[in-house]
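Have the viewer open and follow along as the report goes from the overall picture to single residues.

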There are 2 protein chains.
Amino acid sequence: MVRNLLKAGFKVTTYGRRKPVVDELVSAGAVAAGSPSETAQASDVVITMLPDSPDVKEVVTGENGILQGARPGMTVIDMSTISPSVAREIAELAASKGVDFLDAPVSGGEKGAVEGTLSIMVGGRQEVYEKCLPILQALGKTIIYMGESGMGQTTKLCNQIICVGNILAACEGLMLGAKAGLDMEKLLSVVSAGAAGSWMLSNLAPKMLQRDFEPGFKVKLQQKDLRLALAAAEELKLPLPGTSLIHQLFRAVQAAGMDEKGTQALITALEKLAEHKMDDGETS
Amino acid sequence: MVRNLLKAGFKVTTYGRRKPVVDELVSAGAVAAGSPSETAQASDVVITMLPDSPDVKEVVTGENGILQGARPGMTVIDMSTISPSVAREIAELAASKGVDFLDAPVSGGEKGAVEGTLSIMVGGRQEVYEKCLPILQALGKTIIYMGESGMGQTTKLCNQIICVGNILAACEGLMLGAKAGLDMEKLLSVVSAGAAGSWMLSNLAPKMLQRDFEPGFKVKLQQKDLRLALAAAEELKLPLPGTSLIHQLFRAVQAAGMDEKGTQALITALEKLAEHKMDDGETS
C-alpha cells in the first residue's frame with residue numbers, strides 16, 4: 001500500500017515495528033519516523049493498518065500515538081477491520097482535538113493491496129471522505145462512502161457474515177454428496193451454475209475437493225472478523241444464530257491447529273463431525 | 001410439461017386427479033386415462049410429477065398403479081423431488097417386474113417447466129438415461145446424468161442445502177446492516193459484487209428489502225426438501241448443523257402462517273428474533 005501511494009506521487013512517512021519492512025519501504029522512497037506521533041507531525045493524512053481494535057486505539061490515542069503528534073485539520077484514516085463502536089469512539093476522541101477520522105476497511109486480500117485494487121468501505125464525514133478520495137484511489141478500485149463514523153466497519157462485517165454463511169452452505173451441500181458417493185466434480189459443476197451458485201462455491205469448493213487448504217483468507221483472521229461481527233450484533237441486541245454456529249465450527253478448525261490455513265478448511269470441521277473425508281469415496 | 005412433450009411430437013396419455021387440468025390437456029392434444037395403470041398400458045414411458053415420496057410410491061407401486069399396467073421393457077421417469085432411498089426402493093420394485101426407473105428431479109420452477117428450460121438431474125441405469133434423453137430434452141435445457149438410482153435425488157438435495165444456506169447468509173448480513181442503520185441499497189450493491197456474492201443475494205435480497213414475499217419458491221416446498229435432505233443425512237449418519245438450524249428457522253416462518261410465501265420470507269424469522277424490521281429505519 002505504501003508502494004502504491006509512492007507510485008501515485010504522494011510523499012510517505014512510515015512507521016512500523018518490523019525494521020526490515022520499514023527499511024524496504026525507505027529504499028522504495030518513503031521516509032522512516034520513530035513513532036506514530038512523529039509520523040503525524042510529518043503528515044497531513046495518517047493511515048493505519050493494524051490487526052485489531054485495541055491496536056488501532058493504542059496507535060491513534062495512546063502514548064506517542066498519532067493524536068499526540070497531530071494538528072487540528074489533520075485526518076486519520078484507519079483501514080484495519082475493527083469494531084464499529086471502537087471506530088466511533090476513536091473518531092470522537094480525534095474530533096475533540098480537531099482531527100478528522102475515517103474508518104475505511106478493505107476487502108480484496110493481499111493481492112488487492114499489492115495491485116491497488118482493494119474495495120474500500122468508508123465511514124465518517126462526507127467532506128473528509130471527498131478530500132481523501134485521491135489517496136484512497138491510489139490504494140483501491142471500488143471505493144464507497146457508506147455514511148457516518150463506524151458505517152465502513154459495519155459494512156465490512158455484514159460482508160464477512162454473508163461470506164462465511166456461503167462457505168458453510170457449500171460445505172454442507174458437498175458433504176451430503178460426498179457421503180452419498182456422488183461424483184463430486186459433476187455435483188460441483190451442476191450446483192455452481194444455478195440458484196445455489198455463489199462466489200465462495202465457485203472459488204473455495206474446488207479447493208476443498210482438491211484438499212488445498214492454503215490461504216486465501218486465513219481462518220484466524222476470519223475468526224477475528226466473526227468475533228467483531230458477533231460483538232457488534234450483541235451491542236445491537238441482534239441474534240445471529242447462523243453466524244454464531246459458524247464461529248463455533250471455525251473454532252473446531254482452530255482446535256485442529258489450522259489457524260493459518262484458508263477458510264475453505266471449514267470443510268474439515270464438518271468432515272470430523274461426520275467421521276468422513278470428502279475423498280473417502282463411496283458411501284461408508 | 002405435457003404441452004412441451006406434445007410440442008416435441010410425442011403422443012401423450014395423461015392421468016391426474018384434477019379434472020379441469022386433464023380436460024385442458026386433452027384440448028391441447030393429450031389422451032385422458034382413467035388411472036395410472038391405464039396410463040401405463042397405453043405408454044412406453046410414464047412420467048410422474050408428484051408432491052412427495054409416499055405419493056410416488058403409491059402411484060407407481062400401489063393398487064391401479066403404474067406397475068400394474070406395465071410391461072417388461074417399459075420405463076418410469078419420476079421427476080418429483082423425493083427421498084433418494086425411496087427412489088432406490090421403487091427402482092428395485094420396478095426392476096423386479098422388468099421395468100426401468102429413473103429418478104429425474106428438476107430445478108427451475110414453474111417458469112422452467114412452462115418454457116421447457118428445467119435443469120434435470122438424473123439417476124438410474126445409464127443406457128436407460130440415454131434412451132430417454134429425447135424426452136428429457138423436450139422438458140429441460142440442462143440435463144445431467146449423475147449415476148445410479150437415487151443419485152438424481154441426492155444431487156437435488158445437495159443443491160437445496162446450498163440454496164438455503166445462502167439465503168440465511170444473506171438474511172444475517174442484511175439484518176446487521178439494518179439494525180445498525182446502514183443504507184440498505186448501498187449495502188446490497190457493495191456486498192453483491194464481491195466475495196459475498198451469490199445467486200440468492202442477487203435475486204432474493206432485493207425482494208426482502210422491498211417486503212415482496214410472493215413466491216418464487218414456496219416456503220412449504222422448501223421445507224419438504226429440507227426434511228428430505230435431513231432424512232437422507234440421517235440415513236448416512238451425517239450431521240448438518242446449519243441446514244438443521246435453517247429448517248427450524250423456516251418453521252418459525254410457517255408458524256407465522258407464511259407457508260405459501262417465497263423463501264425470502266426467511267428474513268421475517270430473523271426480524272422476529274431481533275424485534276426489528278429491516279425497514280424500521282435507524283438504530284433502535
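The report below covers the overall build, the domains, the salt bridges and the backbone.

## Overall build

Please keep in mind that this is a predicted model. Chain A contains 13 helices and 8 strands, and its C-alpha trace spans about 65 × 45 × 35 Å along the principal axes. Of the 284 residues in chain A, 56% are buried. If we take the contacts in chain A between residues at least 6 apart in sequence, 65% of them join residues at least 24 apart.

As for charge, chain A carries 28 positive and 33 negative side chains. The centres of these two sets lie 3 Å apart.

## Two domains

The domain assignment divides chain A into domain 1, covering 2-148, and domain 2, covering 155-274. Taken over C-alpha atoms, the centres of domain 1 and domain 2 of chain A are separated by 30 Å. Where the two meet, 13 residues of domain 1 of chain A are in contact with 9 residues of domain 2 of chain A.

## Salt bridges

Over all chains, the structure holds 28 salt bridges. One of them pairs A:Asp44 with A:Arg71, at 3.5 Å from N to O. A:Asp44 sits in the loop between helix H3 (36-41) and strand S3 (45-48) of chain A, and A:Arg71 in the loop between helix H4 (53-61) and strand S4 (75-78), so this pair ties together parts that are 27 residues apart in sequence. A:Asp44 counts as exposed because its relative accessibility is 59%, while A:Arg71, at 32%, counts as partly exposed.

Chain B has a salt bridge between B:Asp44 and B:Arg71, with the closest N and O atoms 3.5 Å apart. Here B:Asp44 lies in the loop between helix H3 (36-41) and strand S3 (45-48) of chain B, and B:Arg71 in the loop between helix H4 (53-61) and strand S4 (75-78) of chain B, so the pair links parts that are 27 residues apart in sequence. B:Asp44 is exposed at 59% relative accessibility, and B:Arg71 is partly exposed at 33%. Back in chain A, salt bridges with shared partners join A:Asp100, A:Arg125 and A:Glu127 into one network. Within it, the closest N and O atoms of A:Glu127 and A:Arg125 are 2.4 Å apart. Both are partly exposed: A:Glu127 has a relative accessible area of 47%, and A:Arg125 has 45%.

## Backbone details

Most residues other than glycine have a negative phi, and most peptide bonds are trans. Against that background, a few places deserve a click. A:Asn64 is not a glycine, yet its phi is positive, near 60 degrees. A:Asn64 is found in the loop between H4 and S4 of chain A, and its 43% relative accessibility makes it partly exposed.

A:Glu275, also not a glycine, has a positive phi of about 50 degrees. A:Glu275 belongs to the segment after helix H13 (266-274) of chain A, and is exposed, with a relative accessible area of 72%. In chain B, the peptide bond joining B:Pro215 and B:Gly216 is cis, with omega about 25 degrees. B:Gly216 lies in the loop between helix H10 (199-209) and helix H11 (219-235) of chain B.

Terms used:
Residues numbered from 1 in each chain as written. Chains lettered and ligands numbered in written order. Predicted model: local features only at pLDDT ≥ 70, side-chain atom pairs only at ≥ 80, totals over all residues. Heavy atoms only, no water. Helix = DSSP H or I, 4+ residues; strand = E, 2+ residues; numbered from the N terminus. Buried < 20%, exposed > 50% of the residue type's maximum accessible area, 1.4 Å probe, protein only. Contact = heavy atoms within 4.5 Å. Lys, Arg positive; Asp, Glu negative; His and termini not counted. Charge placed at Lys NZ, Arg CZ, Asp CG, Glu CD. Salt bridge = Lys/Arg side-chain N within 4 Å of Asp/Glu carboxyl O. Domains from an automatic or database assignment.
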